[in-house]
Amino acid sequence: VQGHAGRLVFGDLKGKTCVCMQGRFHMYEGHSLCKTTFPVRVFKLLGVETLVVTNAAGSLADGLQIGDIMIIKDHINFPGLVGLNPLTGPNEDRFGPRFPAMSGCYHKGLRCLAMEVAKDLDVAAIMQEGVYAMVGGPNFESIAEARLLHRVGVDAVGMSTAPEVVVATHCGMRVFGLSLITNKVGKSYEDSDSVNHEGVLEVGRLRSDTVQQLVTELIRRMEINNNTSTAV
Ligand SMILES: O=P(O)(O)O[C@H]1O[C@H](CO)[C@@H](O)[C@H]1O
Ligand SMILES: Nc1nc2[nH]cnc2c(=O)[nH]1
């Protein structure tokens, strides 16, 4: 999508072998969920053990402001709930089971570690945990949709991430996720502000150093088995 570089970068980060996706495939671009999540399966075959996902998201929670960073505690995969799931079709037994559990798919230990890192980097004031929801996009939410999401417990909404996390969890990867809050989602018919992609990219640029520092320090501190890799 515009604004995403579309590159895979391999290297060492603080002594850990990493592969970094600069951009991702989105369902709203017309890609199948199979293609959207294909990189995750490639990472698995490369020996990647931990997936770190980041995204831009709109806030529905009163306490989440533009520029805040939300550690993803759980997700609601709206496309998945209506059958748009990357695991649909014959199960690939070599990757994982037919009916994978999704409870606890955002690793608790990594979430706690990220909070410690945030405190040490003096950015704890802009960090909190919350629930991310994926919607199909590409349009942003109507007011009624925003109210619905708020009522069902969504803290931040975006158009990505859940399919990759489902596929990573299916094949036994540890997952950690961050949402950068780029806008507030309007819940009132009196609001005149409306969100746009340029504004989303702008907040992304403003907070990119902080997100980079957090992820780098998290990767430095995280424990891994057999010096296997991390995908970001
Ligand atoms: O989820 P990522 O790709 O980070 O970006 C979010 O921001 C874009 C909309 O501005 C959409 O792609 C949405 O999903
Ligand atoms: N669906 C959705 N995706 C986003 N990505 C960044 N901001 C938003 C938003 O407000 N809604």
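Guide: Let us begin with Val211, which is buried at a relative accessible area of 16%; buried means under 20% relative accessible area, exposed over 50% and partly exposed in between, with a 1.4 Å probe and protein chains only.

Visitor: Which helix is Val211 found in?
Guide: Val211 is found in helix α7, residues 197-221; helices (H or I, at least four residues) and strands (E, at least two) are DSSP runs, numbered from the N terminus.

Visitor: And what does Val211 touch?
Guide: Leaving out residues up to four places away in sequence, Val211 touches Thr54, Ile69 and Leu178, where contact means heavy atoms within 4.5 Å. Thr54 is 157 residues from Val211 in sequence, while their C-alpha atoms are 8.8 Å apart in space.

Visitor: Before I go on, what kind of model is this?
Guide: This is a predicted model, in which local features need pLDDT of at least 70, side-chain atom pairs count only at pLDDT 80 or more, and totals for chains, interfaces and linings use all residues; side-chain values use heavy atoms, with hydrogens and water left out. Residues are numbered from 1 along each chain as its sequence is written, and chains are lettered from A and ligands numbered from 1 in the order in which they are written.

Visitor: What does the chain average in pLDDT?
Guide: The average pLDDT of the chain is 95, and 97% of the residues score at least 70; pLDDT is the predictor's confidence in each residue, from 0 to 100. For the complex, the predictor gives an ipTM of 0.99 and a pTM of 0.95.

Visitor: On to ligand 1: which residues are closest?
Guide: Ligand 1 is surrounded by 11 residues, the closest being His26, Tyr28, Ala56, Ser160 and His197; a residue is near a molecule or strand if one of its heavy atoms lies within 4 Å of it.

Visitor: Which polar atoms lie by the oxygen atoms of ligand 1?
Guide: A polar side-chain atom of His26 lies 2.6 Å from an oxygen atom of ligand 1, a polar backbone atom of Ala56 is 2.9 Å from an oxygen atom of the ligand, and a backbone N or O atom of Met159 lies 3.0 Å from an oxygen atom of ligand 1. On its own ligand 1 has 340 Å² of accessible area, and the protein covers 92% of that, with areas from the Shrake-Rupley method and a 1.4 Å probe. The elements that give two or more residues to the shell around ligand 1 are β3 (48-59) and α7.

Visitor: And ligand 2, which residues come nearest there?
Guide: Of the 13 residues around ligand 2, the nearest are Gly58, Phe140, Glu141, Gly158 and Asn183. Polar side-chain atoms lie 2.7 Å from a nitrogen atom of ligand 2 in the case of Glu141 and also 2.7 Å from a nitrogen atom of ligand 2 in the case of Asn183. The protein buries 95% of the 280 Å² that ligand 2 exposes when taken alone.

Visitor: Which element gives the most to the shell around ligand 2?
Guide: That is β3, with 3 residues; the elements that give two or more are β3, β6 (156-158) and β7 (174-184).

Visitor: Last topic, helix α2: which residues are buried?
Guide: In α2 (residues 38-46) the buried residues are Pro39, Val40, Arg41 and Phe43, and their cover includes β1 (7-13), β2 (16-22) and β3, among others. Gly47 follows α2 and has a positive phi, near 100°.

Conventions. Polar contact = N/O pair within 3.5 Å; in protein donor to acceptor, adjacent residues only side chain to side chain.
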